[in-house]
Amino acid sequence: MGTKPQIIEKDEVVIRFSGDSGDGMQLTGTLFSDTAALYGNDLSTFPDYPAEIRAPQGTVGGVSGFTVHMGHSEINTPGDYADVLVAMNPAAVKANVRWIKDRSTIIYDKDSFTDKNIEKAGYVKDPIAEEKLEDFNIIAAPISSMVKEALKDLELDQKSVLRTKNMFALGMVYWMFDRKLDYTEDFCDRKFKKKPEVAKANKIALRAGYYYAETIEALEPVRINPAPIAKGRYRNINGNEATAWGFIAAAEKAGLELFIGSYPITPATGILEALSARKDLGVKSLQAEDEIAGICTALGASFAGKLAVTTTSGPGLALKSEAIGLAVMAELPLVIVDVQRGGPSTGLPTKTEQADLMQALMGRNGECPVVVIASSTPSDCFHYAFEAARIALEHMTPVLLLTDGYLGNGSEPWRIPSMKDLPEIKPPFASVSNEPYFPYKRDNKRFARSWAIPGTAGLEHRIGGLEKTDKGTVSYVPENHEFMTRQREKKVEAVVEKVPNLKVFGKEKNDLLLVGWGGTYGHLLTAARELQNEGHNVSLACFNYIMPMPANVGDVFRNFKKILVCELNLGQFADYLRMNHQEFTYHQFNKVQGVPFTVNEIKEECIKLLEEK
Amino acid sequence: MADTQAIQLTAKDFKSDQEVRWCPGCGDHAVLNAVQRALAEIGIPKEKIAFISGIGCSSRFPYYMNTYGFHGIHGRASAIATGVKTANPDLSVWQITGDGDALAIGGNHFIHVIRRNIDLNILLFNNEIYGLTKGQYSPTSNKGLVTKTSPFGTIEEPFSVGELVIGARGKFFARTVDGNLALSQEIYIAAAKHKGTSVVEILQNCVIFNDGIHDIVTGKEFRDDRTIILRHGQPMIFGKDLKSGLILDGLKLKVVKIGQNGISEKDLLVHDALENNPGIQYMLANMRYPEYPVALGVIRNVEWPTYDALVGEQIEAVKKDSKIRNMDDLLNSGAVWNVD
C-alpha cells in the first residue's frame, strides 16, 4: 500500500468519532476498537449518545460519539481529551470542541459543512475560525463527494452511498494508525451477507478513505505498539454484557436455571438483551410489563428454586423498592442490578452518575438490609455479577449490584476466564428429614435459612411479607419482631466472610489516601499512578463491597494523614463512611455532570489538598 | 394443570396447621373448603401445588393451605405467580386475589398475565369492597355505593371482571358464588384442567363491610330466577320452573319464556364455551340483573398455547441449533484473540 512517510511512535492516543446519531459512529468506533484490540493494544472505549433516537439532524443535541483510548501500556479510562476528532458535521465540532486536546487533529466532512448545517450547529459561517481552531491540524476532507465518486459504478441509491461515509472516515483513521483493513472488511461481508452490493460499497469506501489519507500527505502516521498484556485469550466486552455473562456463569456453577425478569430501561437494557439471546444456555428471560413485575417475576422464580435476577436503572430501582423489601422478608436469593444514570427522576438517562448509593443502601421501608456491591470496570462486571449471585444463593439474601452507564456501555479487552477456575456455588438447600421443615430456621454461621424448593414432598411451607416466627407462623409478638429484624441484619453482616480486604494501591502509609467506589476506579487509578510517578505521596483505595464493607477499612484509613473521597454525586459514600467510621475526617471531591471525572481534575484536587496545611 | 399422576387425597390433606383467621361468616371460609375439596378430587400431590397471593383478606389464603405458598405484596401476585410458573411449569400454580388487589393496584399485572396466557388458576374474590382496610369502595363497587371514602356515594364506573378478562384476550373465565360449594368445586376443577390463565370470579360476601351485597342476585329466594348456570353444550335455561331461557335477538341477548310466543327449548342458545370468538361469551359475562340473570359457570374455555410452555419449547429449539453448549463455549465464541 505504498511507502509511508516517517512514522511517529506514541504511547497512547485518544480518538473520538462523532456525527449525527444516524451516521453510524457507534459502529465505526466499535470496528476501530476491535481492530486495535486484535493488534494488541490495551484500550478502553466509551460511547456517548443522545437519549433521542433520531434527534433533529445536524443539531448538537443529535450528536452521537464514540471514544477509543488505545495504548502501548495499560489503559484504564476512555481518555479525557481526544488527540483525533472525526467530525461528520458542524454539530459534531460544536459538541466536542471542549473535549479535544490543544492542537489535535480534526478530520471533518467538508461536504457536510453547508450553510444550513453550520447554522443548525449554532455557528455563523466558519466553525473552525469561530472556535479558534486554525492552529489545529485540520483535515477538511470532502467525504460525501469522495464516496459518491468512488461508488459511482455501483448500482446503489444515493442514500445507501452516503451511508458509507463512516467507512471512508474509518479508512482515513486506519491509515493514520497504520492498521490493517481485513477485520473491518470481513465484518462488512458478514454484516451484509444478503446485500453483497452494500458490502462491496462499504469496503470500497473504506479503501478509498485509506488511500485518500495516504495521498493528501497532511496526516502524520502514528504507531502505537502493542501493549505488554498478560498471556491468554482475549475478547472485547462491555459492562452490560459482562454482567449478563457473570450471571450465566453463576447459574452454571450452582447447577441452577437462570431467570431474568426485567423491563427495558436505559442504560440497563443491554443486560436483558444479552440474557434474552442466550436461550441456548437455557436462560429464561421475561420482559415484564413494568419494573415491579420485573422484580416480582424474578422473586417468584427464586421461590421456585432458580437463580433469579432483575436489572434496572435508578427510577426502576425506586419502583422495585417494595418488592426488594419482600425479598428481604421472604429471605430468598435475588440479584438486583442498578446501572446508575443521572438522576433524580428521568434525569440524564444516557449519562453516568453514582447517585443511587443511598437508595440502594436505604431506600426501603422498615429495617431492610441488603448486600450492596459495585463493579469498577466494564470487564469486572462479570466477576461482581458472579459474586453477587454467589452471595445471594449461599446467604439467602437479595444482593444489589451497582454498575453505571459508563461501565455498562464502556468496553475493554478482557482476558477470558475458564469456568474451572471459578468457585463452586452451594446454596443451602433444605432436605427432607424426620423433623418438620421450618422456613426461617437458620444456620449458626451465616444466619441463612434453608431453601426448600416447591415440588419437593415433605417441605411444603408458606412464606411472605408478614413478620413470622422461625417456624413460619405469622407473629405480632413484639420481641419476635425485634429478634427477626436483628437476625436479618446479622445475616447481611455475615456476608463479610466473602468480602476481600480493602487493597491499597501505593504506599500503605502516606500523606493522602484517594478513596472511591465502583465505576470511578479507572480514572482514580490513572490519576494516582500519574501522581505517584510525579513524586506525590498519594495512595488509592477503591471499594467494591459497600454493605458489608471490608473488615480492614479502619486499619487502612488510620495510616493516612488525609482522606479524599471522590464520587460522582454530592458525597453519599463519604457520608456512609462517616456513619461507619466516624473516627476519620473525610474530604470530598464530587461531580454531578453526567460525565466521568477527568484524570486532571482528580490530580489537581489531590495536589491542592496535599498543599493545604 | 400440571401433568402428574393423580393420587388419592382428601380435603383434610390440604389443611395447614394455621388457625383460620377470617371473620366468622366471611365467604372466604366457604371458598377455602371448596378449593380443598376440589384439589382432593384433582389429585395433584400437594408438593406440586403453589398458592400465591397479594394483599387483602383473601390473600391470607396460602397460610391455610398445606401446599407451597407465598404471600406477596399488594397487587403483585400475578407477577410473582408468573415467575413461579415460568420457572417451573410442572407446578400447579394458584393465585388468590381480590377486587382491589387484582383490579386496582394490580390491574397492570392482571391484564398482562392474561395476555401472556400463563397457566395459572386465578381465584378473584369479588366482594366489591376493601375489607382489610375496613370498608372503602373498590373498582367493582357499584356506582353510588356509600362507603367510608364515598360518604355521598361513589361516582366511579365499576369494572366488570369478565369484560376485562375477555378484553385482555383471556381464554378462560368462570363465575361462581362463595356459598355454592358444589358449583364452585366443579368450576375450580375446570379451571385447573384448563391450560392457560383461568380466571374465576367468586361473588363473595364481606360480612362486616358489605354484607349481602350479592344477595339481590344470589340470595336463596332469588337465585334460581336471577342467575343462570352455564354448561358447555347445554341450552341456556334458568328459573325455578326451568321455563326461562336466552335467545339471540338481533345483536343482543334476550330473556324469553319457553312456551310463550312460540318459543321452545330448541330455540334457546346452546352454550359454547370452547368458541374462540368471544362475542356471545362477552355478552353472557356482562349480563346484569334485573335485565338479565347473572351468568354462573364456565363462560369461556378456549385452549391456546401457554407462555410457560412456549418458553420451554423455544429454549429447546434454540438449543438444538446452537453450537454454544456451556459457558466456556460462550466465553470463547465470536471475536477472540490470543496474546502469547
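Biologist: In which sense, parallel or antiparallel, do β17(A) and strand β2 of chain B pair?

Modeller: Please keep in mind that this is a predicted model. Between β17(A) and strand β2 (residues 68-71) of chain B there are three bridges, and A:Arg462 has B:Gly69 in β2(B) as its bridge partner. The sense in which β17(A) and β2(B) pair is parallel.

Biologist: Which element of chain A gives the largest share of the side that touches chain B?

Modeller: The contact takes 58 residues from chain A and 51 residues from chain B. Several elements of chain A each supply at least two residues of the side that touches chain B, among them α1, β9 (232-238), α10 (239-254), α12 (291-303) and β17 (462-464). The largest share, nine residues, comes from α12(A).

Biologist: Turning to the domains, which element gives the largest share of the side of domain 1 of chain A that touches domain 2 of chain A?

Modeller: Chain A is divided into domain 1 (8-223), domain 2 (236-414) and domain 3 (510-611), and the centres of domain 1 and domain 2 of chain A, taken over C-alpha atoms, are separated by 34 Å. Their contact takes 13 residues from domain 1 of chain A and nine residues from domain 2 of chain A. On the side of domain 1 that touches domain 2, the elements giving two or more residues are α1 (25-39) and β3 (42-48) of chain A. The largest share, six residues, comes from β3(A).

Biologist: Are α1(A) and α7(A) roughly parallel or roughly antiparallel to each other?

Modeller: Helix α1(A) packs against helix α7 (residues 165-176) of chain A at an angle of about 30°, with the axes 10 Å apart, and the crossing is right-handed. The contact is made by residues including A:Leu31 and A:Phe32 of α1(A) and A:Leu170 and A:Val173 of α7(A), and its residues divide into seven nonpolar, two polar and no charged. Angles under 35 degrees count as roughly parallel. Therefore α1(A) and α7(A) are, relative to each other, roughly parallel.

Biologist: How does α10(A) stand to α11(A), oblique or roughly parallel?

Modeller: The axes of α10(A) and helix α11 (residues 269-276) of chain A come within 8 Å and cross at roughly 50°, which makes α10(A) stand to α11(A) in an arrangement that counts as oblique.

Biologist: Which residues of α11(A) meet α10(A) there?

Modeller: The residues of the contact of α10(A) with α11(A) divide into four nonpolar, three polar and one charged. From α10(A) come A:Asn240, A:Glu241, A:Thr243 and A:Ala244, and they meet, in α11(A), A:Gly270, A:Ile271, A:Ala274 and A:Leu275.

Biologist: Which strands stand at the edges of the open sheet of three strands in chain B?

Modeller: The order of this sheet is β10-β11-β12 (chain B), with antiparallel pairing. Strand β10(B) pairs with β11 (residues 244-249) of chain B over two bridges, and B:Ile237 stands opposite B:Gly245 in β11(B). Each edge strand has a single partner strand, so one side of each is left without a neighbour in the sheet, and these edge strands are β10 (237-238) and β12 (252-257) of chain B.

Methods:
Residues numbered from 1 in each chain as written. Chains lettered and ligands numbered in written order. Predicted model: local features only at pLDDT ≥ 70, side-chain atom pairs only at ≥ 80, totals over all residues. Domains from an automatic or database assignment. Contact = placed C-beta atoms within 7 Å. Helix = DSSP H or I, 4+ residues; strand = E, 2+ residues; numbered from the N terminus. Pairing = 2+ DSSP bridges. Axes fitted to C-alpha atoms, helices over the stretch in contact; angles between N-to-C directions. Parallel < 35°, antiparallel > 145°, perpendicular 65-115°, else oblique. Nonpolar A, V, L, I, M, F, W, Y, C, P; charged D, E, K, R; others polar. Left-handed = near helix turned anticlockwise from the far one by under 90°.
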